[in-house]
Amino acid sequence: MNFSAPKQKITPPERGSFPLDHGGECKPFAQEFMACLKSHGNEHVNCKQLSKKYLECRQNRGLMACDDLSQVGFGDSNIQESREKRIVLEGKKEEQGFVAGMHIEQRSSWLPFRWTPRGGGH
């Protein structure tokens, strides 16, 4: 144990605790959401409604504080807007010639500095 290290300030989560679902009461909702993510290439926008159902299940069973889900991005209009925005923006940068990583300059070597041997030797 390192007693000389400064103590870290621990802060609780903003929205309270998020206890584990030991009874598996909401497991079917979670599995359905995860299957949706897998089938849509991890694009969460297509599975947002299932995520909302999972959180509602947790709220109904006292596994998380009851809160208006529209406050965290689950309003009906938010879900539709997310889908539309995703469709509109898909591939726009690529159409304009964007290639990921091309803006990074090439280095002559893997070292971030120029290395020379000491003593001017060989």
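Residues are numbered from 1 along each chain as its sequence is written. Because the model is predicted, local features need pLDDT of at least 70 and side-chain atom pairs count only at pLDDT 80 or more, while totals for chains, interfaces and linings use all residues; side-chain values use heavy atoms, with hydrogens and water left out.

**Exercise 1. Describe the chain as a whole: which elements does the protein chain have, and in what order do they run?**

Step 1. Count the elements. The protein chain has four helices and zero strands. Helices (H or I, at least four residues) and strands (E, at least two) are DSSP runs, numbered from the N terminus.

Step 2. Read the order. From the N terminus on, the elements run α-α-α-α.

Step 3. Look at burial. Of the 122 residues of the protein chain, 17% count as buried. Buried means under 20% relative accessible area, exposed over 50%, and partly exposed in between (1.4 Å probe, protein chains only).

Step 4. Look at contacts (heavy atoms within 4.5 Å). Among contacts between residues at least 6 apart in sequence, 56% join residues at least 24 apart.

**Exercise 2. Find the disulfides: how many are there, and which pattern do they follow?**

Step 1. Recall the bond. A disulfide is a covalent bond between the sulfur atoms of two cysteines. The rule used here asks for a pair of cysteine sulfur atoms within 2.5 Å, and by this rule the count is two.

Step 2. Take the pair Cys26 and Cys57. Their sulfur atoms are 2.1 Å apart, and a disulfide joins them. This pair links distant parts of the chain: Cys26 is in the segment before α1 (27–39), Cys57 is in helix α2 (residues 48–60), and they are 31 residues apart. Cys26 and Cys57 are both buried.

Step 3. Take the pair Cys36 and Cys47. A disulfide joins them as well, with an S to S distance of 2.0 Å. Cys36 counts as buried because its relative accessibility is 9%. Cys47 is buried too, with a relative accessible area of 1%.

Step 4. Check the handedness. The link of Cys26 and Cys57 is left-handed, with -90° about the S-S bond. The link of Cys36 and Cys47 is left-handed, again with -90°.

Step 5. Write the pattern. With bonded cysteines counted along the chain, the pattern is 1-4, 2-3.

**Exercise 3. Find the salt bridge: which residues form it, and where do they lie?**

Step 1. Recall the idea. Side chains of opposite charge can pair when their charged atoms come close. The rule asks for a side-chain nitrogen of Lys or Arg within 4 Å of a carboxyl oxygen of Asp or Glu.

Step 2. Apply the rule. The structure holds one salt bridge. Glu25 forms this salt bridge with Arg61, the closest N and O atoms being 3.6 Å apart.

Step 3. Place the residues. Glu25 is in the segment before α1 and Arg61 in the loop between α2 and α3, 36 residues apart, so the pair links distant parts of the chain.

Step 4. Glu25 counts as partly exposed at 41% relative accessibility, and Arg61 is partly exposed at 40%.

**Exercise 4. List the residues of the largest nonpolar core: which element gives the most to this core?**

Step 1. Recall the rule. A nonpolar core is a set of buried Ala, Val, Leu, Ile, Met, Phe, Trp, Tyr and Cys residues joined through side-chain atoms within 4.5 Å.

Step 2. List the members. The largest core has five residues: Phe33, Cys36, Leu37, Cys47 and Leu50. α1 gives the most to this core, with three residues.

Step 3. Follow one member. Not counting residues up to four places away in sequence, Cys47 touches Phe33, Cys36, Leu37 and His40.
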